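Hi there,

Here is the structure I promised to pass on to you. Could you have a look when you get a moment?

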Amino acid sequence: MATLAPYSSLAINKSSTSVAASHNGNWQHDLLIKLLMRDRREKAFTDFVESYNSLVKKLGKFADHNAELETTTKAVKKDHGELLQEVAVLREQGSPLNQKRTAELEQQIAALKQECTELWKKSAVNAQRVLDLTDELKKADDTHKKHNEEIQKLTEVNTSLNSKVDYQTQLIGEKDVTIQVLQDELATLQLELVKTEERFKDLEKENGQLLQRWLRKMNDEAEKMNTANQFYESAVDLHAKALESTSGVVIVEKEPSPTQTDPGINNIRSRGRTIGPVTIPMTAFKKFTVHDGDIHTINCSSDGNLFATGSSDKTIKLFDARTGNLKQTLSGSTLSLMHVSFNSSNDKIVGASNDFTTRLWDLKSGRIWHTLTGHIGKVYSARFNGDSTKVITGSHDRTIKVWDLNKGYCVKTIFCISSCNDVVLIDESGSTLASGHLDNNLRFWDVRSGNNIKELNGIHLGQITSVSVSPDGSKVMTNSRDNTLKLIDLKTYEVVQTLHADGYTNGTNWSRACFSPDGRYAAAGSLDGTIYYWNIYKSRLEKTLKEHSAPICGVCWNPQGGQVFSADKDRTVCIWASSLR
């Protein structure tokens, strides 16, 4: 019990100190008491306190047991002294009985000594255990102090976090107000959208009615014109018969002009150009390898003097259309070139690249004139408008962009829902576009407003790889991975003709077909390297020619009508001409 006295006094001192500090207004002690009360309330250190109390109880028991052992030891020593005295007396008396009694007492003394030794040993063990428990108690006190310090730090952190939580709660309240305002605006915009859609439907209905009225009016005027022509012809016949009967002169009927019989046989004016008679070139008079990588595109200049190819070797090569000789190599792209196109004056060329950019080269200097950046996907198609002031591009990022070359940046972005594989101008000014897409649909756009004029769904069963406008501007032709070509009337937006053939297979996602300059024929390349020619007027396959051994990526007809240029993925270009060349 003497060992526990310091700790008991220490506890009493702590209690008295705490009471005095409380009466003196010691705020630290008040805070500690509140934290202890909170710990007691929340049972944060229940296990620790129970363990501590258990150790204190054990220490008390050991102290009591030690005191009992000490008392027993004193009693044994006293008995031992008394026995020794008795032994001495008995020795002095020297009787046998006393000797016997002495021997018994000596045995008892020896047993008591042994018991005393064992008690001393137990006492030593208990003292050691008391010392160990004292050390543990000190450690527990140190741990308790550390925990108190951590509690203080955590309390400060908790206070800071509560401040932050209050601030974030205030921010969330402000955000909720903003979200409510945005939701109200969204509801308003949705209501406006519904009204706009209803108005749009009404306008479409009205437009359809106007179109029907216009068609009926045109039919009525055509019938009136036919009636007037019949009346005029009957009058001429009557006049001729009258002349024959009166004067005997026979009037011979004038032969119809060639342009009245068949628009594909003799000269035809197509979009401002006069086209001579067009026949299918039958002979590949030149076949050569032109690039170090796969060819993706081929196109011809509007005057028919040059043609160009774009390749995965990141270059555009220009060739003389008559001889096939290389005239120029244009570099600057960082990835494959997917489409090339000349401007109307044939002094510039535009290339669409897989590096998300479109570049324009000046053919006189051979240098890059403009680099158009803004797409976030591969650019698959790029074309000039009629006066070369704008470029229209279609991209895998599902947008069509209109670029002003005078300003050097994008002036209109049209979001077209699906990846755009090809885009073409319906008119020379570039105010109306047609685009072919990955989702098999053909879409028509008003460039000025960015609105979708018409969307043709389900005309193909595979993605559209190219879009072409007929020379007279009345039809659009699409080429598709479903191995068919479709002709769409631009007045009614209906499919008027489907071209297909046994063995024809569209081999690439960017394979481009073309019209002949007079609009009589359509040409497209197949997976096996065969070029297919269809007669559009007769709706039949006219001719197949094979000179390539790899999938054909593009076919281009010389605007002058005498040549066809074809390219395949295996870097081979063929120049086709008539046998009269």
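Predicted model: local features only at pLDDT ≥ 70, side-chain atom pairs only at ≥ 80, totals over all residues.

Residues are numbered from 1 along each chain as its sequence is written, and side-chain values use heavy atoms, with hydrogens and water left out.

The rings first. The structure has nine aromatic pairs, counting rings of Phe, Tyr and Trp (its six-membered ring) with centres within 6.5 Å; planes under 30 degrees apart are stacked, over 60 edge-to-face, and the rest tilted. Y533 and W557 form an edge-to-face pair, because their ring planes stand at 80°, with the centres 5.7 Å apart. Since Y533 belongs to strand 26 (residues 530-535) and W557 to strand 28 (residues 552-557), this pair ties together parts that are 24 residues apart in sequence. Strands here are DSSP runs (E, at least two residues), numbered from the N terminus. Y533 is buried at 0% relative accessible area, and W557 is buried too, at 5%; buried means under 20% (1.4 Å probe, protein chains only).

Ring pairs also link F288, F307, F319 and F565 into a cluster. K286 lies over the face of F288, 5.2 Å from the ring centre, and K348 does likewise with W369 at 4.8 Å. For such a charge over a ring, NZ of Lys or CZ of Arg must be within 6 Å of the ring centre and within 35 degrees of the ring normal.

Next, the serine. S435 sits in strand 17 (residues 432-437) and is buried, with a relative accessible area of 0%. Beyond its neighbours within four places in sequence, S435 has contacts (heavy atoms within 4.5 Å) that include I400, D422, R443 and W445. The side chains of S435 and W445 are also joined by a polar contact of 2.8 Å, meaning a pair of N or O atoms within 3.5 Å, one able to donate a hydrogen and the other to accept it; residues adjacent in sequence count only if both atoms are side-chain atoms.

Finally, an open, antiparallel sheet of four strands runs in the order 3-30-29-28. Strand 3 (283-289) and strand 28 are at the edges with a single partner strand each, so one side of each has no neighbour in the sheet. Six bridges join strand 3 to strand 30 (residues 572-577); pairing takes at least two DSSP bridges. K287 stands opposite C574 in strand 30.

Best wishes

Methods:
Buried < 20%, exposed > 50% of the residue type's maximum accessible area, 1.4 Å probe, protein only.
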